[in-house]
Amino acid sequence: MDQTDAANRASPAPLPVVVVDRRPLTDRVADYVRDLIVQDILQPGDPINVQSICSTLQISQTPLCEALKMLAAQGLVDLRPNKRVVVASLAANEIEDMLVVYTEM
(Lines give C-alpha, C1' and ligand atoms only; values in the text may rest on other atoms or scores of the structure.)
Protein backbone atom coordinates (compact mmCIF):
# COMPACT_ATOMS: atom_id res chain seq x y z
CA MET A 1 0.00 0.00 0.00
CA ASP A 2 1.24 3.43 -0.93
CA GLN A 3 1.78 6.11 1.74
CA THR A 4 -0.53 8.52 -0.13
CA ASP A 5 -3.32 5.91 -0.11
CA ALA A 6 -2.90 5.44 3.63
CA ALA A 7 -2.89 9.23 4.17
CA ASN A 8 -6.09 9.64 2.11
CA ARG A 9 -7.88 6.98 4.16
CA ALA A 10 -6.66 8.41 7.47
CA SER A 11 -8.01 11.92 6.86
CA PRO A 12 -11.15 11.91 4.72
CA ALA A 13 -12.26 15.07 2.97
CA PRO A 14 -14.34 17.35 5.21
CA LEU A 15 -18.10 17.16 4.74
CA PRO A 16 -19.90 20.18 3.31
CA VAL A 17 -21.50 22.51 5.83
CA VAL A 18 -25.29 22.30 5.85
CA VAL A 19 -27.53 24.65 7.80
CA VAL A 20 -30.42 22.72 9.31
CA ASP A 21 -33.59 24.66 10.05
CA ARG A 22 -34.57 23.38 13.48
CA ARG A 23 -37.72 25.47 13.84
CA PRO A 24 -41.03 23.60 14.13
CA LEU A 25 -42.67 22.63 10.85
CA THR A 26 -45.65 24.87 11.62
CA ASP A 27 -43.38 27.92 11.84
CA ARG A 28 -41.68 27.08 8.55
CA VAL A 29 -45.03 26.58 6.82
CA ALA A 30 -46.31 29.89 8.23
CA ASP A 31 -43.19 31.61 6.86
CA TYR A 32 -43.82 30.06 3.44
CA VAL A 33 -47.44 31.27 3.30
CA ARG A 34 -46.43 34.68 4.71
CA ASP A 35 -43.85 35.00 1.92
CA LEU A 36 -46.53 34.18 -0.66
CA ILE A 37 -48.66 37.00 0.75
CA VAL A 38 -45.81 39.52 1.08
CA GLN A 39 -44.62 38.82 -2.48
CA ASP A 40 -48.19 39.33 -3.80
CA ILE A 41 -48.39 35.77 -5.10
CA LEU A 42 -51.45 35.50 -2.86
CA GLN A 43 -53.34 38.78 -2.93
CA PRO A 44 -55.97 40.21 -0.57
CA GLY A 45 -59.22 38.31 -0.89
CA ASP A 46 -57.61 35.30 -2.61
CA PRO A 47 -58.65 31.94 -1.19
CA ILE A 48 -55.84 29.78 0.10
CA ASN A 49 -55.81 26.40 -1.62
CA VAL A 50 -54.88 24.05 1.21
CA GLN A 51 -54.47 20.98 -1.03
CA SER A 52 -52.16 22.83 -3.40
CA ILE A 53 -49.88 24.10 -0.63
CA CYS A 54 -49.80 20.70 1.07
CA SER A 55 -48.89 19.08 -2.22
CA THR A 56 -46.20 21.66 -2.96
CA LEU A 57 -44.60 21.33 0.48
CA GLN A 58 -45.30 17.59 0.70
CA ILE A 59 -46.91 17.90 4.12
CA SER A 60 -50.20 16.87 5.68
CA GLN A 61 -52.98 19.37 6.33
CA THR A 62 -52.35 19.53 10.09
CA PRO A 63 -49.20 21.73 10.06
CA LEU A 64 -50.74 23.97 7.40
CA CYS A 65 -53.94 24.40 9.42
CA GLU A 66 -51.89 25.29 12.50
CA ALA A 67 -49.83 27.74 10.44
CA LEU A 68 -53.00 29.35 9.08
CA LYS A 69 -54.28 29.80 12.63
CA MET A 70 -51.01 31.57 13.48
CA LEU A 71 -51.36 33.81 10.43
CA ALA A 72 -54.99 34.55 11.33
CA ALA A 73 -53.87 35.65 14.82
CA GLN A 74 -51.36 37.94 13.10
CA GLY A 75 -54.09 39.38 10.87
CA LEU A 76 -52.67 38.10 7.56
CA VAL A 77 -55.49 35.68 6.75
CA ASP A 78 -59.17 35.45 7.58
CA LEU A 79 -60.69 32.16 8.70
CA ARG A 80 -64.16 31.92 7.21
CA PRO A 81 -67.06 29.51 7.77
CA ASN A 82 -66.86 26.07 6.12
CA LYS A 83 -63.09 25.93 6.65
CA ARG A 84 -62.39 28.59 4.03
CA VAL A 85 -59.29 30.72 4.44
CA VAL A 86 -58.66 33.91 2.47
CA VAL A 87 -55.86 36.45 2.47
CA ALA A 88 -56.84 39.41 4.63
CA SER A 89 -57.34 42.80 3.07
CA LEU A 90 -54.71 45.04 4.62
CA ALA A 91 -53.46 48.48 3.73
CA ALA A 92 -49.85 48.70 2.53
CA ASN A 93 -48.78 50.59 5.66
CA GLU A 94 -50.31 47.89 7.90
CA ILE A 95 -48.31 45.22 6.08
CA GLU A 96 -45.12 47.28 6.42
CA ASP A 97 -45.72 47.71 10.15
CA MET A 98 -46.25 43.96 10.57
CA LEU A 99 -43.08 43.17 8.66
CA VAL A 100 -41.06 45.52 10.85
CA VAL A 101 -42.36 43.74 13.94
CA TYR A 102 -41.63 40.28 12.47
CA THR A 103 -38.09 41.21 11.50
CA GLU A 104 -37.43 42.59 14.98
CA MET A 105 -38.63 39.33 16.54
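At 24% relative accessibility, aspartate 31 counts as partly exposed, a class that lies between buried (under 20% relative accessible area) and exposed (over 50%), computed with a 1.4 Å probe on protein chains only. The model is predicted: local features need pLDDT of at least 70 and side-chain atom pairs count only at pLDDT 80 or more, while totals for chains, interfaces and linings use all residues. Residues are numbered from 1 along each chain as its sequence is written, and side-chain values use heavy atoms, with hydrogens and water left out.

Side chains of opposite charge can pair when their charged atoms come close. The pairing counted here is the salt bridge, a side-chain nitrogen of Lys or Arg within 4 Å of a carboxyl oxygen of Asp or Glu. By this rule the protein has 5 salt bridges. Aspartate 31 forms one with arginine 23, at 2.3 Å from N to O. Arginine 23 is itself partly exposed, with a relative accessible area of 35%. Aspartate 31 also meets arginine 34 in a salt bridge, at 2.5 Å from N to O. Arginine 34 has a relative accessible area of 11%, so this residue is buried. Aspartate 31 and arginine 34 both lie in helix α2, 3 residues apart, which is about one turn of the helix. These residues belong to a network of salt bridges that links Asp21, Arg23, Asp31 and Arg34.

Helices (H or I, at least four residues) and strands (E, at least two) are DSSP runs, numbered from the N terminus. The protein has 5 helices and 2 strands, and from the N terminus on they follow the order α-α-α-α-β-β-α.

Where does helix α2 meet helix α4? On the α2 side the residues are Leu25, Thr26, Asp27, Val29, Ala30, Val33 and Arg34, and on the α4 side they are Pro63, Leu64, Glu66, Ala67, Leu68, Met70 and Leu71. Contact here means heavy atoms within 4.5 Å. Sorted by type, the residues of this contact are 10 nonpolar, 1 polar and 3 charged. In this sorting Ala, Val, Leu, Ile, Met, Phe, Trp, Tyr, Cys and Pro count as nonpolar, Asp, Glu, Lys and Arg as charged, and the others, Gly among them, as polar.

Two packed helices are described by the angle between their axes and the distance between the axes. For α2 (residues 25–38) and α4 (residues 61–73) the angle is about 65° and the axes are 8 Å apart. The axes are lines fitted to C-alpha atoms, for helices over the stretch in contact, and angles run from 0 to 180 degrees between N-to-C directions. The crossing of α2 and α4 is right-handed, which means that the near helix is turned clockwise from the far one by less than a right angle.

Two residues show this contact in detail. Threonine 26 lies in helix α2 and counts as buried at 19% relative accessibility. Leaving aside neighbours within four places in sequence, threonine 26 touches Pro63, Glu66, Ala67 and Met70. Glutamate 66, found in helix α4, is partly exposed at 36%. The C-alpha atoms of glutamate 66 and valine 29 are separated by 9.0 Å, although the two residues are 37 residues apart along the chain. Glutamate 66 also forms a salt bridge with lysine 69, at 3.5 Å from N to O. These two residues are 3 residues apart in helix α4, so they are separated by about one helical turn. Lysine 69 is partly exposed, at 48% relative accessibility.

The next topic is the interior. A nonpolar core is a set of buried Ala, Val, Leu, Ile, Met, Phe, Trp, Tyr and Cys residues joined through side-chain atoms within 4.5 Å. The largest such core has 19 residues, of which Val33, Ile37, Ile48, Leu64, Leu68 and Leu71 touch the most other members. At least two residues of this core come from each of α2, α3 (50–57), α4 and β2 (84–87). Helix α2 supplies the largest share, 5 residues. Not counting residues up to four places away in sequence, isoleucine 37 touches Leu42, Leu76, Val77 and Val87. Buried residues make up 24% of the 105 residues in the protein.

Lysine 83 gives a contrasting case. It is placed in the loop between β1 (77–80) and β2, and is exposed, with a relative accessible area of 80%.
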